[in-house]
Amino acid sequence: YTYEQADELTDWGISGLRIDYGIDGETIVSLSRKMKVVLNASTMTKKGIKDLIKGGLVTQNVEAWHNYYPRPETGLDKEAFIQKN
C-alpha cells in the first residue's frame, strides 16, 4: 500500500494511522481527509501544526500522542513532557 491507498485499510477495520518522522505535510493533510491521523506530540511544534492547518488539515480527524509517558528509560523526561503539553 501507498499513502494514496491508505484509506483502503478502513475496509479492514483500521480507523487511522500513526504518523512520525519522514512523512511530509502534504501527505498528512491528505490522510486527514480520509481517516484518523495520529501525530507524534513529542516532536510537533506550533509552527508545524499551523502549517498543516494552513494546508487543509482536517483537525477533527487528528490526535497527538506521545511515544511514551515520561519515564527515565524513554528519553522523554518530565520537564520536557510538561513543556510540550
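In this predicted model, the residues that line the second largest pocket divide into 4 nonpolar, 4 polar and 2 charged. They are A41, M44, T45, K46, I49, A64, H66, Q83, K84 and N85. Two or more of these residues come from α2, and two or more from α3, the helix spanning 78–84. The volume of the second largest pocket is about 150 Å³.

**The largest pocket**

The largest pocket holds about 250 Å³ of space. Its lining counts 17 residues, and those closest to the centre are D20, I23, I28, M44 and L52. Sorted by class, the lining of the largest pocket has 8 nonpolar, 5 polar and 4 charged residues.

Three elements each give at least two residues to the lining of the largest pocket: α1 (25–32), β2 (36–40) and α2 (46–54). The largest share, 4 residues, comes from α1. Helix α2 supplies at least two residues here, and α2 likewise gives two or more to the lining of the second largest pocket.

**Salt bridges**

The structure holds 2 salt bridges. In one of them, R18 is paired with D20, and the closest N and O atoms are 3.4 Å apart. D20 is partly exposed because its relative accessible area is 31%, a value between the limits of 20% and 50%. The relative accessible area of R18 is 33%, so R18 is partly exposed as well.

The other pair is K47 and D51, whose closest N and O atoms lie 2.7 Å apart. Both residues belong to helix α2, and because they are 4 residues apart there, about one helical turn separates them. K47 counts as exposed because its relative accessibility is 57%, whereas D51, with a relative accessible area of 37%, is partly exposed.

Y1, W12 and I14 make a nonpolar surface patch of about 380 Å². W12 sits in the segment before β1 (16–18), and I14 is found in the segment before β1 too. W12 has a relative accessibility of 59% and therefore counts as exposed. I14 is partly exposed, as its relative accessible area is 30%. Along the chain, I14 is 21 residues from M35, and the C-alpha atoms of the two are separated by 9.0 Å.

Y21 is placed in the loop between β1 and α1. With a relative accessibility of 68%, Y21 counts as exposed. The C-alpha atoms of Y21 and K50 are separated by 17 Å, and the two residues are 29 residues apart along the chain.

The table gathers the accessibility values of the residues discussed.

| Residue | Relative accessible area | Class |
|---|---|---|
| W12 | 59% | exposed |
| I14 | 30% | partly exposed |
| R18 | 33% | partly exposed |
| D20 | 31% | partly exposed |
| Y21 | 68% | exposed |
| K47 | 57% | exposed |
| D51 | 37% | partly exposed |

**Overall layout**

The protein contains 3 helices and 3 strands. Read from the N terminus, these elements follow the order β-α-β-α-β-α. A box of roughly 40 × 30 × 20 Å, taken along the principal axes, is filled by the C-alpha atoms. The protein has 85 residues, of which 25% count as buried.

How values were computed
Residues are numbered from 1 along each chain as its sequence is written. This is a predicted model: local features need pLDDT of at least 70, side-chain atom pairs count only at pLDDT 80 or more; totals for chains, interfaces and linings use all residues. Side-chain values use heavy atoms; hydrogens and water are left out. On a 1 Å grid over the protein atoms alone, a cavity is a set of points where a 1.4 Å probe fits but cannot get out, and a pocket is an open set with protein on both sides within 12 Å along at least five of seven lines; lining residues have an atom within 4 Å of a point. Grid points are joined across faces, edges and corners, and a volume is the space filled by probe spheres set on the points. Ala, Val, Leu, Ile, Met, Phe, Trp, Tyr, Cys and Pro count as nonpolar, Asp, Glu, Lys and Arg as charged, and the others, Gly among them, as polar. Patches are made of residues with over 30% relative accessible area and no salt bridge: like charges are joined within 9 Å, nonpolar side chains (Val, Leu, Ile, Met, Phe, Trp, Tyr) within 5 Å. Accessible areas come from the Shrake-Rupley method with a 1.4 Å probe; for residues, only the protein chains shown count as cover. A salt bridge is a side-chain nitrogen of Lys or Arg within 4 Å of a carboxyl oxygen of Asp or Glu. Buried means under 20% relative accessible area, exposed over 50%, partly exposed in between (1.4 Å probe, protein chains only).
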